[in-house]
Amino acid sequence: MLKRLVIGFFAVLVMSSIQVHAAKLGNLVIEQAQARATVGSMPNSAAFLQLANKGKTDDALVSASSAIADRVELHMMSMEGDVMKMRAIDSIELKAEDSLTMKPGQGPHLMLRSEEHTSELQSHHDLVCRLLL
């Protein structure tokens with residue numbers, strides 16, 4: 001079964017980020033959602049959040065979308081020696097009764113892809129997460 005969870009994202013000023021309050025759907029809780037502003041003329045950015053699965057079964061984040069990006073990709077960042085590697089992934093697994101915190105510079109995150117740099121951001125944007133339950 002695929003369910004959708006809508007969480008609000010506050011737009012960010014250049015070089016800053018703002019967090020949004022928690023959203024809950026059943027046993028899933030999303031907190032500390034934040035998006036990074038684009039830097040200079042770079043069109044892409046990243047979003048990070050904390051996912052908590054308070055249920056007895058495993059879940060997975062399988063996709064996300066937002067009005068502030070042409071597309072949102074699930075990504076995994078890892079270090080191989082001194083080299084940072086980033087790759088798109090199909091899902092972000094969330095084990096039963098476990099939590100996951102997305103952080104800049106490590107592990108999974110949401111890559112906000114845009115064709116053009118957006119210099120004017122609104123104060124509030126939605127991020128729609130699709131979870132496989």
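Biologist: pLDDT is the predictor's confidence in each residue, from 0 to 100; what is the mean pLDDT of the protein?
Modeller: The mean is 76, and 72% of the residues reach 70 or more. This is a predicted model, in which local features need pLDDT of at least 70 and side-chain atom pairs count only at pLDDT 80 or more, while totals for chains, interfaces and linings use all residues. Residues are numbered from 1 along each chain as its sequence is written, and side-chain values use heavy atoms, with hydrogens and water left out.

Biologist: Where's the largest nonpolar core, and which residues have the most contacts in it?
Modeller: That core has 23 residues, and Leu 49, Leu 51, Leu 61, Met 102 and Leu 110 have the most contacts inside it. A nonpolar core is a set of buried Ala, Val, Leu, Ile, Met, Phe, Trp, Tyr and Cys residues joined through side-chain atoms within 4.5 Å; buried means under 20% relative accessible area, exposed over 50%, and partly exposed in between (1.4 Å probe, protein chains only). Elements giving two or more residues to this core include strand E4 (28-35), strand E6 (59-66) and strand E11 (107-113), and the largest share, five residues, comes from E5.

Biologist: What does Met 102 touch?
Modeller: Apart from neighbours within four places in sequence, the contacts of Met 102 include Phe 48, Leu 49, Leu 51, Leu 61, Ile 92 and Leu 110.

Biologist: Switching to charges: how many salt bridges does the structure hold?
Modeller: There are four, a salt bridge being a side-chain nitrogen of Lys or Arg within 4 Å of a carboxyl oxygen of Asp or Glu. In one of them Lys 56 pairs with Glu 97, with the closest N and O atoms 2.6 Å apart. Lys 56 lies in the loop between E5 and E6 and Glu 97 in the loop between E9 and E10, so this pair ties together parts that are 41 residues apart in sequence. Asp 58 and Lys 95 also meet in a salt bridge, at 3.6 Å from N to O, and this pair links the E5-E6 loop with the E9-E10 loop across 37 residues.

Biologist: Lys 56 and Glu 97, buried or exposed?
Modeller: Lys 56 is exposed, at 69% relative accessibility, and Glu 97 is exposed as well, at 53%.

Biologist: And what does Arg 71 form a salt bridge with?
Modeller: Arg 71, which is found in strand E7 (residues 71-80), forms a salt bridge with Glu 73, the closest N and O atoms being 2.9 Å apart. Arg 71 is partly exposed, at 40% relative accessible area, whereas Glu 73 is buried, at 19%. Salt bridges with shared partners join Arg 71, Glu 73 and Arg 113 into one network.

How values were computed. Helices (H or I, at least four residues) and strands (E, at least two) are DSSP runs, numbered from the N terminus. Contact means heavy atoms within 4.5 Å.
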